[in-house]
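Good morning, and thank you for making time for this presentation. Please take a moment to look at the structure before we discuss it.

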Amino acid sequence: MLSAPAAPAAEPVSPGATTPMGRTALGELEHLILLAIIRLDDDAYGAAIIGEIERQTSRDLSHAATYIALQRLQEKGLVAARAAVGETARGGRAKAVFTVTAAGRERLRESGAALFAMWKGLDPALRGRGRS
Amino acid sequence: MSAAPGRHPRETGHGEARPPRLGEWLAARVLPEASRDAALGDLHERYLARLRRAGPAAARRWYLRQVLGFLARVPFARARASASDAVRGLFTRSGLAADVRHAARAAVRERGLTAAVVLVLALAIGAAAVVFSIVSAVLLRPLPFPDPEALVMVWDEYPDESGIVDPKPITLAHYEAWRGEVDRFAASGVFESISAVIDAGRWSERVDAALVSASLFSTLGVRPARGRLFTEDDDRPGAPAVAILSDELWRFRFGGDESLIGRAIPIDGVPTQVVGVMPPEFWFYDPYAVRRSYTGAGASSARLWRPMAGRFAAERDYPRYRMVARLRPGVTREAARAAVAAIERRLPLEPSSADGRVRVLALEEQVAGAVRPRLLGTAGAVGLILLVAAINLVSLLAARFDARRTELAVRAALGAGRGRLARALLIHAGLLALAGGAAGLLLARAATPPLLALVPRGLPLSHRVGIDAAVIAFALALSLAIGLAVCLLAIVRLGPAGMAAGLAAGARSVAGRFGGGRMTDALIAAEVGLSLILLISAAVLLRSFVATSRTDAGFDRRSVLTFQSVLMLSAPGAAPDFSFFDRLEARIGELPGVVSAGSASIVPFTRWGGTAVVRIGGEAETAARRVSYRVVSSGYFDSLGIGRLAGRTFGAADRPGAPLVAVVNRAFVGQYLPDGAPAIGQPLAITRGRSDEVEIVGVVADVKEDRLFAPALPIVYVPLAQSPTFMRQFVVRTAAPPERLVESIRQAAAELDRAQPLQDFITLEALIGQSLEEERFYAVVASAFAGIAVLLALAGLYGVVSFAVRQRDREVGVRMALGAGRRAVYRLILWSGMRPVLLGLVAGCLGAAAAARVLRSLIHGTVAVDPVLYLAATAAFAAVAAAACLVPARRAARLDPVRILNQA
C-alpha cells in the first residue's frame with residue numbers, strides 16, 4: 001500500500017477533496033489509471049495497471065509517474081488499496097491491489113461524459129488528420 | 001471486466017534473473033516504506049517480462065531508467081504533498097493582520113526572550129554588516145571607472161641585479177614602444193608615485209601625489225568635477241607648472257574654494273596653477289600612498305596629480321613608471337600580454353628580459369588581489385558567528401514556540417490548519433528577525449568609525465566603507481533569511497506531533513532528559529565547538545601580534561621623534577645647500593630636552609626604501625649583491641641606540657674628499673663575507689647610479705627595516721657628508737615626551753631657513769605601530785568575533801539549561817521527594833548542560849587545528865597549534881560554561897518539592 005495520507009487536519013479543508021476553486025480536475029494519467037483498474041477488475045495491481053495502459057495506448061509509461069498518480073488518487077479518495085501476497089515472479093514481494101471507489105466511479109463518469117460531449121461532432125476531422 | 005489470459009507474466013524459473021541490485025537499492029531509498037515492497041515487486045515483475053522480450057541489456061537499461069524516474073520524482077512529490085496544505089495556509093489573507101498583532105503582543109509580553117533574540121541577532125548581523133561593508137567596498141563594488149574590467153596594468157619582468165624576477169616598473173621608452181605598437185589597447189597611460197609639498201602660507205603639507213601622462217585620465221575614462229584634465233601640451237618640455245587636486249584635498253585644505261581653479265599655489269616651492277578638481281568618487285590605485293585620508297579611512301590614493309612636463313623627452317630610461325591600459329573590446333589579457341611580449345622581443349630596451357617576459361594584470365586584481373584572502377578569511381569567521389547565532393536562535397525560538405504549544409494546540413483543535421499555525425510562527429520569527437537586523441545595523445554603524453581608524457592604510461578603497469543601501473539590504477535580507485530558516489527548524493523540532501502533545505500534556509512533561517533531547521545537545525555542542533574555533537584562532541592571532549610588536553627592532557624605539565625634510569632650492573637651478581641639514585641637526589642637538597640627534601636618507605619603518613648593488617673586494621662581476629643602502633649622519637647610530645660591534649662609526653673625519661668609507665651590519669657580514677674574513681678594511685664597490693670604491697670601517701648591530709617579523713637584511717651605511725641626499729629623515733632622542741619638541745624643532749628650523757618645510761613628525765614607536773596595522777587589525781577583528789561567538793554560545797547554553805529546569809521542575813520535585821539531595825540535583829543539571837559542552841570543546845579543538853592551516857600564513861613569531869594554548873582556551877571555556885549552568889542548577893536545587901508537587 002502507498003503511504004497512508006496524512007491524518008486529516010481538523011480544518012474543514014482536507015487535502016484534495018475540494019478546494020475554493022471547486023473539485024480538482026482529473027488528470028489524463030489519472031483518468032487512464034482509473035479506467036485500467038476497472039478493466040483489470042479484481043487483479044489491478046501496479047505492474048498490471050501499467051501493462052494494461054501500455055498495451056491499450058501503445059506508449060511507455062514511467063513507473064514513477066504511475067505511482068505518484070496512484071498515490072494522489074488514493075489521497076483524493078478515488079481509489080482504495082489492499083495488500084496481496086507476493087509471488088516468485090516478483091521476487092516474492094507483496095502486491096498492492098487497487099479498486100476504484102464509488103467516488104472514483106462518479107468522477108470517472110463525469111469526466112468521461114465531459115470528454116464525450118466535447119468529442120461529439122469532431123471525430124471524423126480529427127481522425128483524418130491523426131492518420132496522415 | 002475480466003483479465004485477458006497471459007496478461008500477467010507469472011513464469012517461474014527466472015528466479016536467478018534479478019533486477020540490477022544497485023537500481024533496486026536506490027529505488028528503495030526514495031520510496032515510502034508503506035509502498036516500497038509493492039513498487040519494487042511491480043518493477044521486478046516487469047523487468048522479467050522485458051528480459052524475455054528484449055534481452056538482458058535492454059531490460060537493465062529500462063530498469064535503471066525507471067529507477068531514475070523514482071529518484072527524480074518521488075522526493076519532490078512527497079514534499080509537495082506534505083507541504084501543500086501548509087503552504088496554502090500561508091497565503092490565505094484572512095487573519096494576517098491578526099497574526100502580526102498577535103506576534104507583536106507576544107514579543108512585548110515576552111520581553112526577556114525578545115531581548116535575547118534581538119541581541120543575539122544584533123551581534124551577529126552587526127558583525128556581518130561591518131564585514132560586508134568592507135568586502136563590498138574593496139572586493140565587490142566595481143572600481144569607479146567606466147567599464148573597469150577592461151583596465152589592466154602592464155609590467156615588465158626581468159631579473160634585477162640580485163637575480164630576482166618580479167613585476168617591475170617600466171621606462172618611458174618601453175611605454176612608448178608598447179603604446180605605439182600594440183593595437184590591443186584602446187588607450188593607455190603611465191604614472192609615477194611621488195609626494196609633493198603644498199605651501200598655502202598658513203599651512204604647508206606633504207601629500208601623496210602622482211606624475212601622470214595626459215592620456216592616463218582618458219584611459220581611465222574619468223572627467224574632472226571642475227576645471228580641466230591634462231592635455232598632451234602639459235606633457236611637453238617647458239610646459240607651465242599645473243596640477244589637479246583630489247576632491248578631498250580641495251575640500252579639506254582649501255575649503256572647497258571655487259576661485260582656486262586657475263590660481264597658482266606653491267607646490268614644491270614652484271608656483272603651480274590648479275587647473276582642475278577630480279570628482280569625489282575618483283580614486284586611483286597608488287601602492288606608495290602612505291597618508292591616511294582626512295576622513296580617517298586608509299590611504300592608497302594620490303591627492304594631487306601633476307603632468308609629465310618634459311619627462312618623455314628627458315627621462316626615457318629610468319624604470320620607475322607604471323602603465324595602465326584599456327583593452328579593446330573582445331581582447332583578452334593573454335592576447336594583450338602576447339602582443340606586448342612580441343614587441344619586447346623585437347625591440348629589446350634596457351632594462352629588459354631577453355625572453356620578453358611581461359605581465360598584464362587586471363587593475364581590479366592589482367588593487368584587491370593581495371587583500372582578498374584575508375578579507376575572505378574574515379568573512380569566513382563571520383560565517384561561523386552567524387552559524388553560532390542561528391543555532392542559538394533555534395534553541396531560543398524552539399523554547400519560545402514550546403511555550404506557545406498549548407495555545408497552538410488549542411488553535412489546531414479549533415480548526416486552524418498547519419499552514420495557518422506555521423504562518424503565525426513565521427510572522428513571529430520574521431518580526432523578531434527584522435528587529436534584530438535593525439539593531440545589528442545600528443551596532444554596525446556605531447562600530448564603523450573606530451574600525452576605519454584601525455583599518456590598515458594599505459587596504460585599498462577603504463574610503464568607500466560605510467553603511468550604505470547595499471549593506472542595509474544585505475543585513476535585513478540576512479536577518480530575515482536566518483529568522484525564517486531558524487523558524488522552520490524550530491517548527492520541525494516542534495512538529496505536528498509536538499503540538500498535539502502540547503494539548504495533551506498541558507505543555508509539561510515529567511519524563512524526558514534535562515538537556516532537552518539529542519537535538520538540543522547537538523546544537524549546544526555545535527555552538528561551543530564553533531566558538532572555540534574562533535576563540536583559539538583569535539588567541540593565536542593576538543599572540544602573534546603581541547609577539548611581533550615585542551620583537552627587538554635592533555634599536556631603542558622609546559622616546560625618539562622622527563620627521564623629514566626635502567631640501568628646497570632657493571631658485572630653480574640653484575646649487576643645493578645641503579649644509580642646512582647639518583646645521584639643523586647640530587641645532588636640534590642643543591635644544592633642551594634633546595638627548596641626541598641624527599639623520600639619514602631613510603629611517604627604519606618610514607616605508608621608504610633604497611637599495612644599492614655591492615661587490616665585495618676582489619669578487620668577480622657576477623657576484624653583485626643587492627643590499628639596503630642608507631646614508632647616515634655621524635649622530636645616527638647613537639640617537640637610535642644601534643650598537644657598534646667592531647671598528648668605528650662615522651665621524652668628522654669622513655668629509656667630502658677624504659677616503660670613502662662604509663659601515664655594514666651583522667647580517668651583511670654573516671651573509672656576504674667569507675667565514676673568518678675580517679670585515680674591517682674590506683674594500684667594497686657600491687653601485688647606485690654611479691660606482692664608488694669604499695672601505696668598510698665598522699660593523700653595527702642589525703636593525704629591522706619595515707617589518708618587525710621579517711629577518712634583518714644586509715645593510716650598507718655610508719656617511720651623509722660624503723653622499724648628501726635631498727631628502728633627510730631625522731631621529732631625535734628626547735628626555736621629555738617626544739611630541740613636546742615638535743614646536744621647538746620647527747622654530748629652530750625657521751630660524752635657520754624659513755623656506756625649508758619640516759614634515760611628518762611622528763614618534764618611532766608610532767611608526768612601528770603603523771607597520772603592524774594589518775596584524776593589529778586582524779587580531780582585533782578576530783578577538784571581537786571570538787568574544788561575540790563565546791558570548792552567544794554561553795547565552796545559548798544558559799538559556800537552554802534554565803529553560804529545561806523551568807520545564808522539568810516537576811521531575812526535580814519528584815526526585816527530591818524520593819530522597820535525592822541538593823548535591824544530586826546540582827550534579828544532574830550541571831552534567832546535563834556540560835556533557836554537550838565537553839563534546840563541543842573536543843570538536844572545537846579539532847576544528848581549530850584544521851583552521852590553523854589557514855592561520856599559519858598570517859602569523860609570525862608563534863606557532864599555529866600550541867597544545868598549551870588549546871588547553872588553556874578549552875579550560876577557560878569549560879569554566880565559564882560551568883558557571884553558566886550553575887545559575888539554573890542553583891535555582892533547581894532550591895526548589896521546594898512539596899510546593900511543586902502540590903501545584904501538579
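Predicted model: local features only at pLDDT ≥ 70, side-chain atom pairs only at ≥ 80, totals over all residues.

I shall speak about confidence, then about the overall make-up of chain B, and then about individual residues.

For chain B, the mean pLDDT is 83, and 88% of the residues reach 70 or more.

Chain A has an average pLDDT of 75, and 73% of its residues score at least 70. Where in chain A is confidence lowest, and where is it highest? The lowest mean, 54, belongs to helix H5 (residues 123-131) of chain A, while H1(A) has the highest, at 91.

I turn now to the make-up of chain B. Chain B contains 27 helices and 22 strands. Of its 904 residues, 53% are buried. If we take the contacts in chain B between residues at least 6 apart in sequence, 80% of them join residues at least 24 apart.

Next, the aromatic residues. Over all chains, the structure holds 24 aromatic pairs. One of these is formed by Tyr175(B) and Phe312(B): the pair is tilted, with 6.0 Å from centre to centre and 35° between the planes. Tyr175(B) belongs to helix H6 (residues 172-181) of chain B and Phe312(B) to helix H10 (residues 311-314) of chain B, so this pair ties together parts 137 residues apart in sequence. Tyr175(B) and Phe312(B) are both buried.

A second pair, Phe563(B) with Phe761(B), is stacked, at 4.7 Å centre to centre and 25° between the planes. Which parts of chain B does this pair tie together? Phe563(B) lies in strand S12 (residues 560-566) and Phe761(B) in strand S22, so the pair links parts that are 198 residues apart in sequence. Phe563(B) has a relative accessible area of 2% and is buried. Phe761(B), at 19% relative accessibility, also counts as buried, because the cut-off is under 20%.

There is also an aromatic cluster, made up of Phe145(B), Phe191(B), Phe217(B), Phe230(B), Phe282(B), Phe284(B) and Trp305(B).

Let us stay with strand S22 for a moment. Leu758(B) is located in this strand, which covers residues 758-763 of chain B. Is Leu758(B) buried or exposed? Leu758(B) is buried, with a relative accessible area of 5%. Leaving aside neighbours within four places in sequence, its contacts include Phe563(B), a member of the stacked pair. Also in contact with Leu758(B) are Gln564(B), Ser565(B), Leu584(B), Ile745(B), Arg746(B) and Ala749(B). The C-alpha atom of Leu758(B) is 9.8 Å from that of Val742(B), which is 16 residues away along the chain.

I now come to residues in loops. His860(B) is in the loop between helix H25 (822-855) and helix H26 (867-893) of chain B. His860(B) is buried, with a relative accessible area of 18%. Beyond neighbours within four places in sequence, His860(B) is in contact with Ser544(B), Thr548(B), Phe709(B) and Glu775(B).

Phe605(B) is in the loop between strand S13 (594-600) and strand S14 (611-616) of chain B. Although Phe605(B) is not a glycine, its phi is positive, at about 70°. Its relative accessibility is 3%, and Phe605(B) counts as buried.

In chain A, Asp41(A) is another non-glycine residue with a positive phi, near 55°. Asp41(A) occupies the loop between helix H1 (28-40) and helix H2 (46-57) of chain A. At 39% relative accessibility, Asp41(A) is partly exposed.

Finally, also in chain A, the charged end of Lys95(A) sits over the ring of Tyr45(A), 4.0 Å from the ring's centre.

Conventions:
Residues numbered from 1 in each chain as written. Chains lettered and ligands numbered in written order. Heavy atoms only, no water. Helix = DSSP H or I, 4+ residues; strand = E, 2+ residues; numbered from the N terminus. Buried < 20%, exposed > 50% of the residue type's maximum accessible area, 1.4 Å probe, protein only. Contact = heavy atoms within 4.5 Å. pLDDT = per-residue confidence, 0-100. Phe/Tyr/Trp six-rings, centres within 6.5 Å; stacked < 30°, edge-to-face > 60°. Lys NZ or Arg CZ within 6 Å of the ring centre and 35° of its normal.
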